[in-house]
Amino acid sequence: MWRNQVRSRGKLQHQRESARGARARNNCLLKVTSDRRCAVMFRQTRSLLWKLRCLAVAGRGCRFRSSCAAQEKKVLQYEPGQQLHGFTVQQVSPVPDLSLTAVKLTHDRTGAQYLHVARDDPNNLFSVQFRTTPMDSTGVPHILEHTVLCGSEKYPCRDPFFKMLNRSLSTFMNAFTASDYTMYPFSTQNAKDFQNLLSVYLDAVFFPCLRELDFWQEGWRLEHENPSDLNSPLVFKGIVFNEMKGAFAQSESVYAQHLQNKLFPDHTYSVVSGGEPLAIPDLSWEQLKQFHATHYHPSNAKFFTYGDMPLEPHLQQINEEALCRFDQIEPHTVVPPQPHWNQPREHHVTCGPDPLAPDPSKQNSLCVSYLLGDITDSFESFTLSLLSSLMVNGPNSPLYKALIEPKIGTDFCSVVGYDGSTREASFSVGLQGVAEKDMETVKQIIFQTIDEIIAAGFEEERIEALLHKIEVQMKHQSTNFGLSLASYIAPCWNHDGDPIQLLKISDSVAQFKKCLKDNPRYLQEKVQQYFKDNTHRLMLSMSPDEAYFEKRAKTEQEKLQQKIQSLSGSDRKEIYDKGLQLLSIQSTSQDASCLPALKVSDIAPTLVPTPVEMGNAEEVPVQYCPQPTNGMVYFRAMCSLNTLPDELKVYVPLFCNVITKLGCGTLDYRQQAQQMELKTGGMVASPQVITDSADLDIYEQGILLTSSCLERNMSDMFHLWSKIFNSPHFEDVERLRVLVMMAAQELSNGISNSGHRYAMTRAGRTLTPAGDLHEMFGGLDQVRFMKRLAEMSDLSAVLRKLPRIKKHVLNKDNMRCAINATSEKMSEASHEVEKFVDRIPTIKKDRRPSRATIMERPLRTSKLGASRKVISEAGFKPCQMKTYFELPFPVSYAGECVRTVPFTHQDYGSLCILGRMMTAKFLHGEIREKGGAYGGGATMGYGGLFSFYSYRDPNSTQTLSAFRAGVEWAKAGKFCQQDVDEAKLSVFSAVDAPVAPSDKGMDQFLSGVSDELKQKHREQLFAVTKQDLIDAAGRYLGIGQSTGGVAILGPENEIIKKDPSWVIR
């Protein structure tokens, strides 16, 4: 999977106010990825604060302890110079802030570097990364990343990576190609599973088969459109080829890639590591094998292990299964510093037009980027990252005030803030959604604001808020700490920086405070040094070209014709023969018996219960879940939408977006933002549509309020919520316009990365009563609605709707709350909730339900008679609909949904396993391997919809046929008991995924799904038989058995245009 290292706006929600519409979409939509490896393109922010958000302290329920566990105590006994299984200990260092002990080692024979982090966390992780420095844009490291996972010396079966997804209880398996390194991580809570996966990963990276046909499938190939028809035209095919066509369909990605290439023009950062689609066909199989030989050597490798498993078995296995077969070499992969320019440069690039842009006449982008210092200087990087946040983070930052609030553009450009992913860091700032006439103005504002920062500096309270944010993010406990840690240290360690020093965040904070104390102008002098006096500055502008995609397609055709014209008769015969050979291999069931596997008997038969207690604050039900939250308090409130008039529903995502950003009480929006940063870990609202666990025609609709804080700030957090409930500000129409423009821009930008989710949401719209709300709140309907709002010249009418929504939503009626905190603080938390509820005035005005069919569902653990009020539409009639959205993408996204059964139905477990099995044993081969899509599969959703999907798909109409063929395959029982057992393992890896203390009890709180219901579901999964799957496929998925919907997002399709059963949008 290509990891675009240049920061993109999608991950910079901490650096400026993001559109909560995207967050609402994620809450409402089925949470699926094309597969666990083929998720949407990972676009990672390299700002320190984003890293710290990921680097929150990990824990799992009562397993978490702040004291060192047994393994931590053991590694503390290691001494520098001590030899362990072919490795020599270099350093042992406790890091109390993160409750871990780090051990740095070197492999004696090869020089491979190793870092082990011992923590009391059962979610153990392994990662190996190689410095990969391509010098062209053929995508060789990316295609190699795919191809090494297609079979190896010890495991020569085809595609062991995907097969292990179903033979493991892994909590994560993936591979990433960055600009200058490639990483292969996995995590699991099972010791046997860890050994199995480690064996497969080691053999894959060091001893891959690298077969030519695997290169053809994963990278690129010339092949007949129909491989069986010699007379069909030759076309380009390949999984990475199509992945990158999809990646660069998005203007954000185009811009970010160009910026990195042009800011670092003299070495590996000047090329596209993931592959420029028009350059990928220049890569040969021989070049791929040579790149592996020179880059995938232990002397160029860095190993990382994390968790509560002992270190020495890891070392022994890695040495014996891989490293003992190598000797040390000089890999020659060092990335030299970029020579600094003696004067600034300017460049201009083009992109495709965005049909959903908030203002079609304003689609230009302009950004100013600066080359900073070496990222291996950890304290300087820390300082520059904090400086970046002070400059662009939120409505109180000077660049936000100067660029966003004048409404010259719709949002910050896709690349903003500090980027530490390259050998030397960079800082970028600018705008997107700019009119051509305003481009020069943007540039002048940036330079003027930098001068003003040098003169005035930053308010002390803003620096305090930033340091508070770091404290919160260090205390918050996550379940993926190992993976976040590996990603956090990877760029610096890749260039031989000290990974342990990076972890000593408190040391950096203390040094930062001392520098400020010793020199009050410390930050201003950094701005002078890195921005005002820095001649290595790039100004990159981008404008839409109406013929952009047409030109790209034409160039691709010219490239294709050049390839075809150079073919001899024997070349053509070889292409045809190899095409048939590849098709034959893809169509043949492979023997995977060489691969290690867990058994269903390795799965725990019962779940670990989560104790919750119910109480009341006046008439408001409150769920209390005592957890080891490490000094944090987590608050949620679910507020019903039952009385909200239907005509206001479409405004709910906007309301959620702005309700914490307009000001409240005596605080204007700037002061509100400042107090939220000083006293909380964030305060957000999101729409919720939750289908009932027992009836698909019953659902709950509401808004979920979420916040967290340090224990000492509990009273302040609830006081802020009181102000939002009692006196939110709804007067500033210009502030609303800024937020609307940003929200509309973010929704538009996100379509190409989440196209399959949008397709599935649309496909399910008419199948359940909740489906229409899912589309309204988080589908393309919401994207188009926000576009219309952004185009309005006067938003006063919209502003007037917000207090109407507030009256129906932010009140005591039909609200319930939840608190997760330590047992010691639960009494104080209960008192604060009671005070918060008491401060909300009772509104006597009658608010009648907008629907007459309101039912009550008891909160199952409650002994106080508390309940959830839900909507029942017993007379609902599902209907079929097929919708095609024509969008200027070179690839498509398909979704098909079928109405089936609710969570508590006896067949629900069978459908869960059926979806996983169909994906692994049939759809993966048809959609990805044969069809060339980046991903595809089937999944059973909590809302009762069985969904098929494809992602970055060049053959969407063929994919629909593959969906149907998959159903026939399942109905015919063309699978064995081993396939069933593997699907169960895959399903349980998700069911038993770690849950953070902050999220414990949330299934009970939001959906009423108790531990008893979960255990019953667990038992149903264990009991599923092959015949159950055959019956479920026939009963629910066969033609005419159930009602389904279909949706596709993609380029113009002549076949569908001629089919009257489709609605073209």
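Helices (H or I, at least four residues) and strands (E, at least two) are taken here as DSSP runs, numbered from the N terminus. The structure is a predicted model, in which local features need pLDDT of at least 70 and side-chain atom pairs count only at pLDDT 80 or more, whereas totals for chains, interfaces and linings use all residues. Residues are numbered from 1 along each chain as its sequence is written, and side-chain values use heavy atoms, with hydrogens and water left out.

Most residues other than glycine have a negative phi. His85, which lies in the loop between β4 (83–84) and β5 (87–95), has instead a positive phi, near 50°. With a relative accessible area of 32%, His85 is partly exposed, where buried means under 20% relative accessible area, exposed over 50%, and partly exposed in between (1.4 Å probe, protein chains only). A positive phi, near 55°, is also found for Asn814, a residue of the loop between α29 (796–809) and β27 (815–821); Asn814 is partly exposed, at 29% relative accessibility.

A disulfide is a covalent bond between the sulfur atoms of two cysteines, and is assigned here to a pair of cysteine sulfur atoms within 2.5 Å. Zero disulfides are found in a search of the whole structure. For Cys209, the closest cysteine sulfur is that of Cys157, which at 8.9 Å is too far for a bond, and Cys209 is itself partly exposed, with a relative accessible area of 30%. Cys664 is likewise in no disulfide, the nearest cysteine sulfur, in Cys639, being 15 Å away; at 0% relative accessibility, Cys664 counts as buried.
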